[in-house]
Amino acid sequence: MNCKKINKKVIDLLRELSDDNQIKITQNKHLKIKGNFGGTEKTLILLCSPSSCYQRYLRSTLRRFLKDLHIEVDLKPIF
């Protein structure tokens, strides 16, 4: 799957999960996503450069991010 499509799906998921359905996206070398989740401001960094292992890397990173927030989400539709 294309790197842009994966990032877009992850951004949409994080927007739905945020407290006020708003996130702030900043791009320098990487995409930095900030939002309020569970009353605390959290940040997730997405890579912009494609890699052969990008899906596996992002799935693992997103699982750890959501586990830290105590949120259970099925990631199969994204990946």
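This report describes the fold, surface, aromatic pairs and selected residues of a predicted protein model.

## Basis of the model

Because the model is predicted, local features are reported only at pLDDT of at least 70 and side-chain atom pairs only at pLDDT 80 or more, while totals for chains, interfaces and linings use all residues. Residues are numbered from 1 along each chain as its sequence is written, and side-chain values use heavy atoms, with hydrogens and water left out.

## Overall fold

The protein chain has 2 helices and 3 strands, and from the N terminus on these elements follow the order α-β-β-β-α. Helices (H or I, at least four residues) and strands (E, at least two) are DSSP runs, numbered from the N terminus.

The radius of gyration of the protein chain is 12 Å, which agrees with the value near 12 Å that a compact globule of 79 residues would have; this radius is taken over C-alpha atoms, and the globule rule is 2.2 Å times the number of residues to the power 0.38. Along the principal axes, the C-alpha atoms fill a box of roughly 35 × 30 × 15 Å. Where contacts (heavy atoms within 4.5 Å) join residues at least 6 apart in sequence, 35% of them link residues at least 24 apart.

## Surface and charge

Of the 79 residues, 30% count as buried, a term that stands for under 20% relative accessible area, with exposed meaning over 50% and partly exposed in between (1.4 Å probe, protein chains only). The protein chain exposes about 5,500 Å², of which carbon and sulfur atoms supply 48%; accessible areas come from the Shrake-Rupley method with a 1.4 Å probe, and for residues only the protein chains shown count as cover.

The protein chain carries 16 positive and 8 negative side chains, and the centres of the two sets lie 11 Å apart. Lys and Arg count as positive and Asp and Glu as negative, whereas His and the chain ends are not counted; each charge is placed at NZ of Lys, CZ of Arg, CG of Asp or CD of Glu.

## Aromatic pairs

The structure holds 2 aromatic pairs, where rings of Phe, Tyr and Trp (its six-membered ring) pair if their centres lie within 6.5 Å, and planes under 30 degrees apart count as stacked, over 60 as edge-to-face and the rest as tilted. Phe37 and Phe65 form an edge-to-face pair, at 5.6 Å centre to centre with 90° between the planes. Since Phe37 lies in strand E2 (residues 31-37) and Phe65 in helix H2 (residues 54-68), the pair ties together parts that are 28 residues apart in sequence. Both Phe37 and Phe65 are buried.

Tyr54 and Tyr57 form a tilted pair, at 6.5 Å centre to centre with 35° between the planes. Both residues lie in helix H2, 3 residues apart, about one turn of the helix. Tyr54 counts as buried at 3% relative accessibility, whereas Tyr57 is partly exposed at 37%.

## Individual residues

Asn7, in helix H1, counts as buried at 5% relative accessibility. Leaving aside residues up to four places away in sequence, Asn7 touches Leu31, Leu46, Leu47, Tyr54 and Leu58.

Asn21, although not a glycine, has a positive phi of about 55°; Asn21 lies in the loop between helix H1 (3-17) and strand E1 (23-27) and is partly exposed, with a relative accessible area of 49%. His70, also not a glycine, has a positive phi of about 60°; His70 lies in the segment after H2 and is exposed, with a relative accessible area of 73%.
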